[in-house]
Number of protein chains: 4
Amino acid sequence: MSVTSSALASQLAPTSSLAGAYARIRQASLALCDGLAPEDMVLQSMPSASPLKWHLAHTSWFFENFILATDAQHRPLRDGWNFLFNSYYQSVGPMHARAARGLLSRPTVADVLDYRRDVDAAMRERLERGVSVELAALVRLGLEHEQQHQELMLMDLLHLFSLNPLEPAYRPATARTPQPARTPGWHRGREGIVMIGHDGEGFAFDNESPRHRVLLQPHRIANRMVTNGEFREFIRDGGYRRPTLWLSDGWAKACAEAWQHPPYWSDDLDSEFTLAGRVALDPAAPVCPISYFEADAYARWAGARLPTEAEWEDMAARLPDRHGNFVESGALRPLAADIGTSDLPQQMYGDAWEWTSSAYSAYPGYRPDDGAIGEYNGKFMSGQLVLRGGACITPAAHVRASYRNFFYPADRWQFAGFRLGQDA
Amino acid sequence: MSVTSSALASQLAPTSSLAGAYARIRQASLALCDGLAPEDMVLQSMPSASPLKWHLAHTSWFFENFILATDAQHRPLRDGWNFLFNSYYQSVGPMHARAARGLLSRPTVADVLDYRRDVDAAMRERLERGVSVELAALVRLGLEHEQQHQELMLMDLLHLFSLNPLEPAYRPATARTPQPARTPGWHRGREGIVMIGHDGEGFAFDNESPRHRVLLQPHRIANRMVTNGEFREFIRDGGYRRPTLWLSDGWAKACAEAWQHPPYWSDDLDSEFTLAGRVALDPAAPVCPISYFEADAYARWAGARLPTEAEWEDMAARLPDRHGNFVESGALRPLAADIGTSDLPQQMYGDAWEWTSSAYSAYPGYRPDDGAIGEYNGKFMSGQLVLRGGACITPAAHVRASYRNFFYPADRWQFAGFRLGQDA
Amino acid sequence: MSVTSSALASQLAPTSSLAGAYARIRQASLALCDGLAPEDMVLQSMPSASPLKWHLAHTSWFFENFILATDAQHRPLRDGWNFLFNSYYQSVGPMHARAARGLLSRPTVADVLDYRRDVDAAMRERLERGVSVELAALVRLGLEHEQQHQELMLMDLLHLFSLNPLEPAYRPATARTPQPARTPGWHRGREGIVMIGHDGEGFAFDNESPRHRVLLQPHRIANRMVTNGEFREFIRDGGYRRPTLWLSDGWAKACAEAWQHPPYWSDDLDSEFTLAGRVALDPAAPVCPISYFEADAYARWAGARLPTEAEWEDMAARLPDRHGNFVESGALRPLAADIGTSDLPQQMYGDAWEWTSSAYSAYPGYRPDDGAIGEYNGKFMSGQLVLRGGACITPAAHVRASYRNFFYPADRWQFAGFRLGQDA
Amino acid sequence: MSVTSSALASQLAPTSSLAGAYARIRQASLALCDGLAPEDMVLQSMPSASPLKWHLAHTSWFFENFILATDAQHRPLRDGWNFLFNSYYQSVGPMHARAARGLLSRPTVADVLDYRRDVDAAMRERLERGVSVELAALVRLGLEHEQQHQELMLMDLLHLFSLNPLEPAYRPATARTPQPARTPGWHRGREGIVMIGHDGEGFAFDNESPRHRVLLQPHRIANRMVTNGEFREFIRDGGYRRPTLWLSDGWAKACAEAWQHPPYWSDDLDSEFTLAGRVALDPAAPVCPISYFEADAYARWAGARLPTEAEWEDMAARLPDRHGNFVESGALRPLAADIGTSDLPQQMYGDAWEWTSSAYSAYPGYRPDDGAIGEYNGKFMSGQLVLRGGACITPAAHVRASYRNFFYPADRWQFAGFRLGQDA
C-alpha cells in the first residue's frame, strides 16, 4: 500500500470520516447476506472459493489482527479463531487449510456475526480514540480488503448456486429492455513513453506502485467489450473444437474439463445461470465469466489480441470519469453498452473485469509493504494475469485506472470478460 | 426383506400400531438434531458421509417413493427432489452424485423439515386408510431404514466435528465411574453343523436369509471386546510400525494415510474425540472406531484371529437377551464390560459393531427382494466385511443376532470395534 | 507351503532330479523371451504389472535370498540388487517401489541374464552338494514361484502390447479350425460335508492347507466356460448399460473407466487383441480376460451365479485327469471346448482361470509358513477373490485341484474367465 | 521463424553446405547415444520427459513431415508412425498421448535407427536436387529443432538415471582442478530505449521477432551466476523453511513435494547427481538445475531480484563473443567462472540457462510462422518464464543473444540456473 503520509494526512485526518467509512463498508458486507440462509453461507464449492461465513469472519480477523492487536492490551477476542481465519499470512502464524474451509460448521453464522459486532465495537472505540496516520492507512487497507471480499462473496455464491440442480436465485432479475449491441469500433491508443501506476492520489495497493515509465507500441483498443452474441458466433464456428485457436495449456484444460461454452451457459447457448437464476442470454451484454484461455482463443479467432495492461490503463486514465455498472446498480450482471453517440470507449469500468495479456508481475522498483501486510499482493506474482476495470459486483469506489486484479488463466468463476486490442 | 406374510399378519395387522411405530421412529430422527445448528446439518465431511439434512430428506424420500408413490394419484411432493434424495436406487431413476451432497445449500434444513411434515401427514393418512400386508412390510422396511440412518447421522456428525480444530461437542459427557477391565477369557463355541440366518420371527433384511446350515470348526470366542488399554499396548509394542503384523492392503493404506493410532485418538494416546468432545481415554472401554485392518493386525499380534460371522451369530443367538449399550443409554460411546460373575460373553450387543473375518456375500439361495428394493443390500456384496451386534449409537430394537452390517476393511468412522476368536 | 517331510523325502530325495527340475524350469523362463527385444522387457505398463526383466531378476533374487543366502559364506552377488528385486518381503528388508519398476534402465537385460547365470551356477553347485529336506522344499517353492512369474510375464507383456497402437504380436497365431460351441449343460455337484484343500500329495502352497471339511449346498456347475459368443449376447442385450445387473463397486468402476466390453475386444465386438496380435473373435472360445465384476454381471443376467471355490474344487478333484489347454499347447489363448460325447465338465483346467464367488481368505486353522516365506500368500487375504484351474499361459504341471489363485474383482489383465453355477 | 529470404539466400545458397550441416547435426544426435543400451533409450521418467528413442524418431518425423512430405509423390515411410511421433502439431493430425510415450517398446531402437537412415537418405537426395529458399529455411529449422532435442535427450536421461538407486553414470567425470568462486560484482546495464529481438542475421525462431524497442529501467546485472556454495548458504539459513521468502505458488509446490534442496543434491548438501554420476558438490560452480521458484526465493533472500529478459539480452548482445561452456566442452555440467581480470560479466552463455523474471509472451507485432510450423512456439505463451543463454548441454552454435527458452516456474530438470539483478 503506497499511500504517502501527506496524502493520508489530508485524506484521513478527521477519524470521524474514517469511522463513517468503516461503518458503511462493514455494513455493506452484511447487506449482501440479506435473504440468505445459514446453509448458503457455510458451504465451500471448490478450493478456490470460500464460505460466505468465512469471508465475514476473515475480514473481521483482518481488523482484529492488524489494528486491534497493535494495542498491547489486546487479548484475542475468540480462542482459536486466529488459526481458522488467517487466510495466507505466513508471518502472522499457521493457518487452517484453504481447501478445508467448508468443513467447519462451527463457529456458526450467528457466532461469526457476534464476532463481527465485537470487532466493530472495539474498532469504533479505537477510531474514536484517534489513530496515527500509519494505523489509519491500515484501517483504510482493511476496508478495501473488505470490499474485495464483498466481490468474492458474490462470485463464490454464484459458483455454489450453479452447482445446485434446483438453480436457486440470489436476487430477482431486474427488468431490462433488450437493446442491440453497439457497433464495434476501435480507439487508437497513445504510443511512446507514458506513465502508469498509482499517481499518489488517494488509496492504492502496493502492487500499483511505483508509478513508472512504460513504452507503448502503436495500438488500438476496442470501443466496448466482446458480447455474448459475438462469443456465440465463435462457438458456432467451432471455437471450442479447433485446437489451433488455443494456447496449448488452454486446450489441455478445455479437453480435460470438456469445455464447450462459458461455464454458466446452457448447452443450447440460449440461457445462462446468474445471480438472478437462469435467464435468457442477452446477445448485447458482455460475455462473463470467462477464462483467459477462452478470451485469448476468441481474440485469435477474431484476428485480434488482448490489450496489455499498460495500454488499458493509459486509455482508462484519460477518461473523464469512472462511470460504470458496479454493484450499486443492483443489476449484478454485465449490461449492454450504450449505443449513444459517445466517442469514448465504453465499459472500461464495471460490468466485467477485463483480461489483459500482461502477466501479473512486479513493477520496476516495486517494494511490498513492510511486515505481514507485505504478503498481501507480492507473493502472488507468478502464473497469473492482470485484469482491469472492475465488474458489476465490485463496489464503485473500490476501482481506479491503476487497479490491478489478477487470476490464473484457467480461472472462470470471477466476473471476467474482455475487450479486443490490436497493433496499429 | 424376508418377512413372511403370516408373520406380518400377526405383527402388523393393527395398522394403528404400525402408525405408532412410524410416529415414534420418525420423531427419533428429529430428536437427534436437537441443539444442532443448520450449519451442522448441511456439511459433508467426506464422500462416504452425508449431511444430516440429506439423511432427513432421503429417509422421507424413501417413504414417498416406496409407499406414497404406489398410489396412482400421487404427485411428487417437491419438484426435482427425487433426483437429489435418491441414494443409489438405479431402478428408480438417476441421482445426484454422492460426493456432491455437500454442495447443496438448498433445500435448507427448514425446507427439509417441511418436507418431512408433508410426508408424515400423507403417511399418516395412508396408514389410517389401511395398507396391504405387502405395503405394511415396506413401511416396516422404511422404518428400519430410518433407524440405520439415525446411526449414520451420529457417525457422520462425529466425523465432521472431528475435523474442526475447535472440537465441538454434540452432547455433554455423561458422568461415569472408572472401572477396571474385565479379565479376558474365552467361551467355547459349538462345532459341527448349525443353522444361521433369519428364523422368520419378526423383521429382517433380505441379506439375512435364507436360514441355512453352516459348518462350524472348533473355536472359541472372547468373553468381551478388545479394550482401549489393550489396544494401546499393541501400539506401544510398535503395532503401527511392523508391516508383518498387517495385511498387505492394510499396510499400504496405513502408510499412505500415516496411521499411528485409531482415528480419533490423540497422538499421546491419552484422549479421544467423541460425541462429547475430547475426553480421557477409558482403558477399560472397547476400542472404537477402528478399521478391519487395525483389528486384524491386533489379532495377529495377539496370536488370535477374528471370529467368523457364523461363529458370532451362533453364540449370540443363544444368549438369553439382547441387552447392551445402545443409543437409548445416552452414553453415545462404548462402555467397559461388567466385571460381574456372569458366565456369558459380554458386549455381544451394543457398544460397538464387531468386525468378523467374513467377507460380506450372499447366503446360499439368497434372493434379493423384488424391484428397486432389491438394490438395498445385494449389490454391495463385494469388497466388504460383515460386522455384527450393533453399537452405542444404534437403536436397541434395530438389532438382532442375524443382523449383518458391512463396511470396507479400511473404513474407520463407523462405530466398529472387535473381539478376538481362536481355533479350539 | 504345506509339504510334509515324508512327502518331500520321497519326492525330492534324489537332488539330481531337483536339479533337473531347476534347470528345466529356469530355462523355460528364458524361452519365453525368445524373439523379444530388450525394449519389450524393460517397460512397465501399469503399477500392477512388471517389466519382464524385473521378473527374470526377481525370480533369481528369490533363489539367492532364500536358498543361497542361507549359507553363512554367501555374499550378495550384486550390490544393491536386494533392494531392487525384493517384491514384497518386508521381513527381508526395504524394497523399491512397485510402481517404479519401469523407471530402471539399469541393470540392463544383459546384466540380468548375467545375474541369472551366476545364480544358476551357484544353485547347481549348491544342489550338487545336497540339500536338507527343508531346503529342498524351499527350492521347490522357488520353482513354483518361477512358474507363477512365467505366467505373469505373458499377461504383463500382452497388456503392454495392447497399449501400443502398432499392435505388435508376440507369437504368430496358430492355425485353428473354427468349431461350434458345446451345448451348454449342467453337472450336479455333491452336497453335504466334503473335504477340500491340499491332500498332502506333492507340492502345495500354504494357502491350500489345512485340508478341512466344508458343507456344500445343493448346486450345479456348468459343463464348460462361458464363451465369447455368449458374452457378446450379453453386451448386445445392454449388459454394460444396465446398472441393476452389476455390483455397486463394479458399476462405479465400469462407469469411471468407460467399460463397454472385455478389455482387449474391439469396439465392434468382432476381434480381440491377443498374444498373436489382433485376431477375429472366436465365438466358441471362452471369454478371457475379464474382471470378476463382468463375470458376476453376466451371471446375474443369465439367471445364474458363479460357483464357490469349494464347489469348484470338489468337482475338479474328482475328474480323471488335469488335461487342459496350458502353455505347453502353444495356443496362448483359450480354445473352444470339445463337443464330443464326454459326460464330464470341460475346461476345468487350463484355458482361463475361473472366477469363483469366494473371497480369498484363510482356511480354518491356516498357518502361514515360518519366516519371510510366510508373507508369500497370507497377507493378501483381503479384498480379493479366488480363481481356479489355470490358464492357457500356465505351465501344466503348476496347477492342481486345490490351487488357489487370487485377484481383485476389478482386475482384468490376468487370464480369467468363468463358468456358471446354480443352486440345485 | 523470421529468416528473411535475402538472409537465407546468402546463407544457405549452396545446398551442399546445408547438406553438410544436415549430416553433421543429425550425426551428433546419434553420437549422444554412444554407450547407451536400448533399455536407456525407451523409458520415460515423467510426462514432461520423453524416451531417447522417441527423440530420435520425432526429429526424423519432423523432416519427413515438413520437408519430404511436401513432395507430392511422397508416401509415408512407416505406417502409423505419424501418429506416434507427432509431438504437438494439431494441424498435422492426431497424436499419441505425451504421457504414454514410455509405453511403446515397438518400434525398437533399431527400428528407429533404420527409420533415421531412410529419412537421411531421402533428405540427402532431396537436398542434392536443390531446394527453394523457403524449403531451405525449413530444413534449417529442422536442424535447430534437432539441436533442441539433443539437449532434451541429455536432460531427460539425467532425470531418468537420477531415479535409479544404482546411480548410473552416462559419461565419466572429466578431471577438474577446484578453484575459488569469482568475487561477486555488478555490471551496470543501459537504461532508456534499446532494441531487442532478432536482428535479421542468420537463423532465429519466430518468437524472437520482431526486433522492437523496449524501455530499460536503471539496473545492474551480476558478474557471474549464483554458485552452489552461495545456494548452500541460503539453504543453511533456512531458505527452504521460510515461507516469506517464496512466491505463494512456489511455497505450495515446495511443501507438496517436500523440497529441501536442488533436485539432484544429496540431503547432506555435499554431493550432486550428474551425467557423470554422483560427484562432490563444487562450491564455485553455478547451481543447476533449479526451478524458478527456488531462484526467485534466493534472490529475495539476497535482497536482489532476477534480471528481465530485456536486461539480459541487451547486456549479452554487447559482449564481444558467445564463448561459453557448451556441450562441445564435454564437461556436461556447469563450471566455475574464471577469476581472471576480465571486466565482463561471465557465464552469460553456456553453463546453465538463466531464469529471467519475464513471463514468456509475444513480442509486440509477433506473428507465428504460417501453417503447422506456427505451432512451434506461439501456443506455449502462457504460464512459462523466459530463460536465456544456453547450457553445458546445448550445442554452441544453437544459441544467440536473442534466443528465448521457456519453462514453467516449477520445472527443475532442465539445466537452469540464475544470476542476480538489481535496480540501480
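How far apart do the C-alpha centres of domain 1 of chain A and domain 2 of chain A lie, and what does the contact between these domains consist of?

Modeller: This is a predicted model, in which local features need pLDDT of at least 70 and side-chain atom pairs count only at pLDDT 80 or more, while totals for chains, interfaces and linings use all residues. Residues are numbered from 1 along each chain as its sequence is written, chains are lettered from A and ligands numbered from 1 in the order in which they are written, and side-chain values use heavy atoms, with hydrogens and water left out.

Chain A is divided into domain 1 (7-162) and domain 2 (186-423), with bounds that come from an automatic or database domain assignment. The C-alpha centres of these two domains of chain A lie 27 Å apart. Their contact takes 28 residues from domain 1 and 27 residues from domain 2, where contact means heavy atoms within 4.5 Å.

Together the two domains of chain A bury about 2500 Å², of which 69% is on carbon and sulfur atoms. Buried area is the accessible area (1.4 Å probe) that two parts lose on being put together, summed over both. On the side of domain 1 of chain A, the most area is lost to domain 2 by A:Glu151, A:Met155 and A:Leu158, which together account for 26% of what that side buries.

As to specific pairings, the count between domain 1 and domain 2 of chain A is zero salt bridges, a salt bridge being a side-chain nitrogen of Lys or Arg within 4 Å of a carboxyl oxygen of Asp or Glu. Polar contacts, by comparison, link eleven residue pairs between these domains, both residues at pLDDT 80 or more. A polar contact is a pair of N or O atoms within 3.5 Å; within protein, one must be able to donate a hydrogen and the other to accept it, and residues adjacent in sequence count only if both atoms are side-chain atoms.

Helices H1 (5-12), H4 (52-66) and H7 (133-162) of chain A each supply at least two residues of the domain 1 side that touches domain 2. Helices (H or I, at least four residues) are DSSP runs, numbered from the N terminus. H7(A) gives the most to this side of domain 1, with 16 residues. By class, the residues of the domain 1 side divide into 14 nonpolar, ten polar and four charged; here Ala, Val, Leu, Ile, Met, Phe, Trp, Tyr, Cys and Pro count as nonpolar, Asp, Glu, Lys and Arg as charged, and the others, Gly among them, as polar.
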